[in-house]
Structure formats: structure tokens, C-alpha cells
Amino acid sequence: MVCVACQCRVVSSGSEPNDFGFSIVSETNVNLYGIGVFLKSTAKVITIEMKIFQNDLEIGCDLFEYENDNFVTVDVANLFFEEIILKPHHRYKIVLNITPAVEPFTIQNPKIHHDRIKMSIANVIYGRCDTFINMNPWNVMEILQSVDFDYAIPFIQRQECLVNNRFQSDVKFLVGEKRQPIYAHKLLLIISSEYFNVMFNGNFKESSLEEIEVNDVEPDIFLEILRFIYCRKVHLKVENVLEIFGHAQKYMLDELRQQSIEFFEKNIASDNVLKLFAQNRLYEFSFVNEKCLSLILKNPLPCFKHEDFYVLDRKSMDIIFSSQKFNCTNTQLLQALRDWNKVNESECVEFLQTMINTKLVRNCSKLRFFGNMSYGTHTDLKFSIQRKLAFYGIGVFVKSPMKMVTIEVKILKALEILGSHRFVYENKEVATVNVAKLFFEELTLHPGIQYTITIGFTPGGQCWTISTPFICHDMLSLNIVNQNSINYYGNSPSSTTRSVISHFYYDDLGK
């Protein structure tokens, strides 16, 4: 716990404590869980509204009701909230609104004593108080920042302290719908960005203005742009990376553009790809569409189950379903479209249904099995591989007099079930052997691990099988395991395995 250590005094009647402004000047993050607030009141219940700001952006807001048991003396209300991480060299401010108004009991010129944490405290109290007579809070902030500028910290961190800092600022941006003031320094902008160089040195009205309106960006994004300009730092997140990339393009910041692209490609995943793809309707960045579509089409089934799928806009659906290659069946595509249409009932999907019915191409490779083919009782397929594979589905031989056949597939790694799937296959050609194409969510198969695929049919009976299956592939080697031996295919197999699997759908990840 960090304790504030200094003299305490009661401010004279009519004098109010100011917001608590501070920054962490030591090189460590501070995890803030709560604060203690002095109270002196005759009220039994006191309401305390607390807001915390980082560089003038609100990062915390809580409302507390404090039961006041001590009417005759000063009490301390211990207020806890969700953890907030305070980072070095950012400006923070804690604002308190106490109802009913209390007799203020304050700390004059506060400081802390801690072996590892150092704090610079600014404009804690003002008005008719001793040190800062007749100063408004911005004046206090300017003076303290100019005096307390710590030259012991690295230069790049001193630069970061200037982000949205009034000290020596010569331009003010009014940002966003609420026209939030953000302060900057023209020289740093000019040497970092050709856009700002032209703005301030060209024949534009902005070159002579001290206040410039910026309506096409929110304050938090604009601050990230400034932070990158000042110290080459940026807080990229999945939620803001596209917007930052767009404004990096606008302000001609090539390094930030590249950093945004690298962050996007590293952090895109199946649980956020649909949200990013939908966000891109505002921008239509080609690299975003290409990367998102690649991930969606390679592994579409988890995307179709994700909550973000049901709120996709129609244009995004058109782009996805007009694609030609999917690692799933047309039946699975049609079911996904019907599920989306239940939530979006006003949308006509006949065109998309027509597009689905023309799809025949898979977005992966096919690994075929060869061997002696005959009727018989099939066995589980136990195997291991020599290269890392993305595994999307299998082909299964079906020979049945029934029009509808239920196929249950389990994929195991030792005793661990990696996937369990139930398919209802429409057996259109009962007089011959068919191949049911079964797709499931992508699995990653690793070299040197034994996997087992078990398959069950309803109704049951004898099946069309491949005895002693093997593959023909220049790069892949598949080892079929049975009770008697392990066969390394490419060599002459002599296995008792009888498999109903005709092929794998896969991608080689070992390239």
C-alpha cells in the first residue's frame, strides 16, 4: 500500500479541495485498487462520485454510498473499485463529488514515501490556499510541469510527457463531436508528418489558427496518433487498430501504418475476425478484407456459430457468401445462411442461396487413401504424421439402401476427444458407393502424436472399406497404426486396418 505522508489541516470555510492530479515518474506500473477519502460530516449516509482521468480521458467512474458512523471526528472512507493500471509518465486526475457537501479536511502539499514508486503531484489544492493564491488549475499544472520536469528519466519518456500537455504548447485541436481540447507542439508535428508540415507551413487557414477543429476522429485515437509522433509509442488494440491505421494513412505516418498492419496480422483470430471484417465496411482496406476472408473461408464453421455472425451487415454477408472456396459443404453454408436470416428477417437471401448452390471448390488440399477395396467390417483409423497439418474434414465411403444415413465421427489424441461430430447424410444414390464429404472445425495435427478417428453409421451393416490404406505424396508421410505393426507408407504395407475413410481435407502447415 502507498500511503500519503504529510501534514493535514482543515481548509477554512468556503475553501474547497481541488482535483488530485499526479503522474508516476518511476519506471514501474502501479496497480490501483482503491483510494481513501477524508470525511467530516454530520450526515449518516454520504454519496461519493469518483472519476479518474488519464490525459483528460475518463478511465474510471464509480458511485459509492458511505455509511458515516463518526459524526464528531474525521473518518476515512475506503473506496475500492476495479483494478486500474497506472503507467509511468502519464498525467492522471482523480475527481470527487461528495453529497451532501462536507467540511473539507485536506492534505496540504502531499507527497509519498516509497522505496520503488515515485509520484509527481500537481495542482492538488488551489484557490485561497497558501502556495497557489489566485491561480486557476491550468496555471498550477503549467508551473508544476515546468518545474518538475525530471531529466533523470530517459529522453523518450520526457517526450511522452508532452503529449496533450499545455506546457509550451502552440496549437490546440478541438477533437471529436464534443470538441475536446487536445494540446500539441507544431514543431514536433511538422518534423514527423508531411501532412502537418503542409498544414502549418502551406497556404491553408490552419497555418495561422491557434485552435483547429478535427471532426473525423475520436479523442482517444487522436491522442494515440500524437503519442506515436512524440515518442514512437502507440497502444494498439484489436478494437482500435483499423481506425489508427486509417488515420496513420491520413497523416502520412508510414511507420505507424506498418506497425498497425503487423499488429493486425499477429492478433487476428477466429474469435475476432468477424468483428474486424464488419468494422472494415467503414474503410474497405484491401489487406483487411483479404486477411479476414482467408481466415473465415479456411475455417468457416466456428465463425458461423459465433455471436458476431448473427449481427453481420448485409454487405459483409454478400462478400463472404459470394466467395468461391469454402472448407465446408453447401449444406452447412445454407444452414448458416438460414440461421443468419432468422435474426435478420427483413433481408432477402434468395440471391445468396443461388450463389451457394454453385459452389464446388474447397479451400484446402485433398489427401487420398489407396489400397484394396472391398466390403467388410471397418476398424478405427489410427495414425501419426511427420508434418504439422491443419485438418478440416474427411471423405467417408457410404453404401446403404437407406436414403438418410447418420454418421458419427470422433477424433481422439490418446484418450482426449478433440472433436465429436454427428452428420446426417442424404444418400441420393442407393445403388452404388458414394463418398460423404464431412467438414468440421479446424484441428491442428502435430507430428509424432498418435491420433484415432472412429466412425459409426446408423443404420449399421457392412461397409465399403480400404484394406491396408496408404497415401502417395512427395512431402507427407502418414503412419497407419494397428495391433501388429506400424507401417511407414511409401513402403509396401501389410496392415490389417480396414478404413471407410477415402481422403482427408487438409493444409500443410509445415511448409
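**Loops, helices and cores**

Q: Where is Pro-100 found?
A: Pro-100 sits in the loop between strand 7 (92–99) and strand 8 (105–107). The model is a predicted one.

Q: What makes the peptide bond from Thr-99 to Pro-100 cis?
A: Its omega is near -5°, and the bond is cis.

Q: Which residues does the cis peptide bond with omega about 0° join?
A: That bond joins Thr-458 and Pro-459. Pro-459 belongs to the loop between strand 20 (451–458) and strand 21 (463–470).

Q: Why are helix 12 and helix 13 called roughly antiparallel?
A: The axes of helix 12 (residues 330–343) and helix 13 (residues 350–357) cross at roughly 165°. Angles over 145 degrees count as roughly antiparallel. Helix 12 and helix 13 are therefore roughly antiparallel to each other. Their axes come within 9 Å, and the crossing is right-handed.

Q: Which residues make the contact of helix 12 with helix 13?
A: Helix 12 supplies Asn-330, Leu-333, Leu-334 and Leu-337. Helix 13 supplies Leu-352, Gln-353, Ile-356 and Asn-357. By class, this contact has five nonpolar, three polar and no charged residues.

Q: Why is helix 6 described as largely enclosed by the rest of the structure?
A: Helix 6 (residues 241–250) has ten residues and seven of them are buried, so the rest of the structure largely encloses it. Buried means under 20% relative accessible area. The buried residues of helix 6 are Val-241, Leu-242, Ile-244, Phe-245, Gly-246, His-247 and Ala-248.

Q: What covers the buried residues of helix 6?
A: The cover includes helix 5, helix 7 (254–267), helix 8 (273–279) and helix 9 (286–298).

Q: Why is Met-252 called partly exposed, rather than buried or exposed?
A: Its relative accessible area is 40%. Buried is under 20% and exposed is over 50%. The value for Met-252 falls in between, so the residue is partly exposed.

Q: What is the phi of Met-252?
A: Phi of Met-252 is near 60°, a positive value in a residue other than glycine. Met-252 follows helix 6 and lies in the loop between helix 6 and helix 7.

Q: Which residues touch the most other members of the largest nonpolar core?
A: Phe-173 and Phe-321 do, in a core of 72 residues. Helix 5 (residues 219–231) gives this core its largest share, eight residues. There is also a second, separate core of 36 residues, including Leu-381, Phe-397, Leu-445 and Ile-471. In soluble globular proteins, nonpolar side chains tend to be buried together.

Q: How many helices and strands does the chain have, and what share of its residues is buried?
A: The chain has 13 helices and 25 strands. Of its 511 residues, 47% are buried.

Q: What share of the contacts between residues at least 6 apart in sequence joins residues at least 24 apart?
A: That share is 73%.

Key: Residues are numbered from 1 along each chain as its sequence is written. This is a predicted model: local features need pLDDT of at least 70, side-chain atom pairs count only at pLDDT 80 or more; totals for chains, interfaces and linings use all residues. Side-chain values use heavy atoms; hydrogens and water are left out. Axes are lines fitted to C-alpha atoms, for helices over the stretch in contact, and angles run from 0 to 180 degrees between N-to-C directions. Helices (H or I, at least four residues) and strands (E, at least two) are DSSP runs, numbered from the N terminus. Angles under 35 degrees count as roughly parallel, over 145 as roughly antiparallel, 65 to 115 as roughly perpendicular and the rest as oblique. A crossing is left-handed if the near helix is turned anticlockwise from the far one by less than a right angle, and right-handed if clockwise. Contact means heavy atoms within 4.5 Å. Ala, Val, Leu, Ile, Met, Phe, Trp, Tyr, Cys and Pro count as nonpolar, Asp, Glu, Lys and Arg as charged, and the others, Gly among them, as polar. A nonpolar core is a set of buried Ala, Val, Leu, Ile, Met, Phe, Trp, Tyr and Cys residues joined through side-chain atoms within 4.5 Å. Buried means under 20% relative accessible area, exposed over 50%, partly exposed in between (1.4 Å probe, protein chains only).
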